[in-house]
Amino acid sequence: MLATAGAINRVGRVEEGTTVTDYDDVEIRQQRSIGLALAPFTAGDIKVNLLDAPGYADFVGDLRAGLRAADCALFVIAANEGVDGATKALWQECEAVGMPRCVVISKLNHQRADYADVLAQAQASFGAKVLPLYVPVPSSSGHTDALVALLSQTVSDYSGGEARLARCASQLTPAGSPGAPR
Ligand SMILES: Nc1nc2c(ncn2[C@@H]2O[C@H](COP(=O)(O)OP(=O)(O)OP(=O)(O)O)[C@@H](O)[C@H]2O)c(=O)[nH]1
Ligand SMILES: [Mg+2]
């Protein structure tokens, strides 16, 4: 998000200790977040104060502190792992206080990534209101090279490294939504 918004020039790597929000010595050594970190950026006229919270259960206090300050929450779920119990409990916690939520499915490039399965798990765990806004397009090699944005009906093609934007050739609708083919 920071790189896409132009707040940083290149995406850091957890393995190299070069990510923006894992800057503490312990975070770099252990290659995981241990505390809440703030990463502000602007997108157009909008200032976003991104709060990156640790996912590891030991640091749930920082995660809760972040939620108290946030206007909405992004749940990042790995496409090769799926929805776990802790994520379900946190979703219910957010629901209880009316916190707007969305799901980001990460690691689409992983060998065992299964987008459709993780989406189905998210819908089974969080409810049928979870609908895809972006759908990955697998290439012939099986990797995800492009994403279709269903609201804007555009395709972002990352096969050349940078995103190339194009309009969809025909109207696309997510499976399960009103108007989708059965
Ligand atoms: N293949 C692949 N690996 C990824 C991707 N995103 C993250 N990883 C790897 O997954 C590991 C965890 O990534 P993080 O970004 O630290 O995940 P996190 O949710 O912030 O983890 P904590 O904050 O420690 O709970 C690292 O080794 C990353 O390099 C991805 O899209 N594809
Ligand atoms: Mg982290």
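Biologist: How many residues does α5 have, and what span is expected for that number at 1.5 Å a residue?

Modeller: Bear in mind that this is a predicted model. Helix α5 has twelve residues, and from its first C-alpha to its last it reaches 16 Å, which is close to the 16 Å expected at 1.5 Å a residue.

Biologist: Which residues of α5 are buried, and what makes them lie on the same side?

Modeller: The buried residues of α5 are V118, L119, Q121 and A122. Because they cover an arc of only 160 degrees around the axis, they are placed on the same side of α5. The face turned away from that buried side carries the exposed residues A116 and A124, while what covers the buried residues includes β3 and β4. After α5 comes G127, whose phi is positive, near 115 degrees.

Biologist: How do you know that the buried residues of α4 line one face of the helix?

Modeller: In α4, which spans residues 85–96, the buried residues are T87, L90 and W91. Seen down the axis of α4, they fall within an arc of 105 degrees, so they line one face of the helix. On the other side of α4, the residues G85, A89, Q92 and A96 are exposed. The buried residues of α4 pack against β3, β4 and α5.

Biologist: What is the reach of α4, and which residue follows it?

Modeller: Helix α4 has twelve residues and reaches 17 Å from its first C-alpha to its last, close to the 16 Å expected at 1.5 Å a residue. The helix is followed by G98, whose phi is positive, near 70 degrees.

Biologist: What makes up the largest nonpolar core, and which elements give two or more residues to it?

Modeller: Eight residues make up this core, namely A79, V83, V103, I105, A113, V118, L119 and A122. They qualify because a nonpolar core is a set of buried residues of nonpolar kinds, Ala, Val, Leu and Ile among them, joined through C-beta atoms within 7 Å. The elements that give two or more residues to the core are β4 and α5, and the largest share, three residues, comes from α5. In soluble globular proteins, nonpolar side chains tend to be buried together. As for A79, its contacts beyond four places in sequence include I105, A113 and V118.

Biologist: Why is D157 called partly exposed, whereas E16 is called exposed?

Modeller: D157 has 15 C-beta neighbours inside 10 Å, and a residue is buried at 20 or more, exposed at 12 or fewer, and partly exposed in between, so D157 counts as partly exposed. E16 has 9 other C-beta atoms within 10 Å, and therefore E16 is exposed. D157 is found in strand β7, and among the residues it touches beyond four places in sequence are D145 and R164. E16, by contrast, is found in the loop between α1 and α2, and its C-alpha atom is separated by 42 Å from that of Q171, 155 residues apart along the chain.

Biologist: Which residues surround ligand 1, and how does that shell divide?

Modeller: Ligand 1 is surrounded by V14, E15, R32, S33, P54, G55, Y56, V76, S106, K107, N109 and H110. The shell divides into four nonpolar, five polar and three charged residues.

How values were computed
Residues are numbered from 1 along each chain as its sequence is written. Chains are lettered from A and ligands numbered from 1 in the order in which they are written. This is a predicted model: local features need pLDDT of at least 70, side-chain atom pairs count only at pLDDT 80 or more; totals for chains, interfaces and linings use all residues. Helices (H or I, at least four residues) and strands (E, at least two) are DSSP runs, numbered from the N terminus. Two residues are in contact if their C-beta atoms, placed from the backbone, lie within 7 Å. A residue is near a molecule or strand if its C-beta atom, placed from the backbone, lies within 6 Å of it. Ala, Val, Leu, Ile, Met, Phe, Trp, Tyr, Cys and Pro count as nonpolar, Asp, Glu, Lys and Arg as charged, and the others, Gly among them, as polar. The expected span of a helix is 1.5 Å times one less than its number of residues. The arc is that of the directions from the helix axis to the C-beta atoms.
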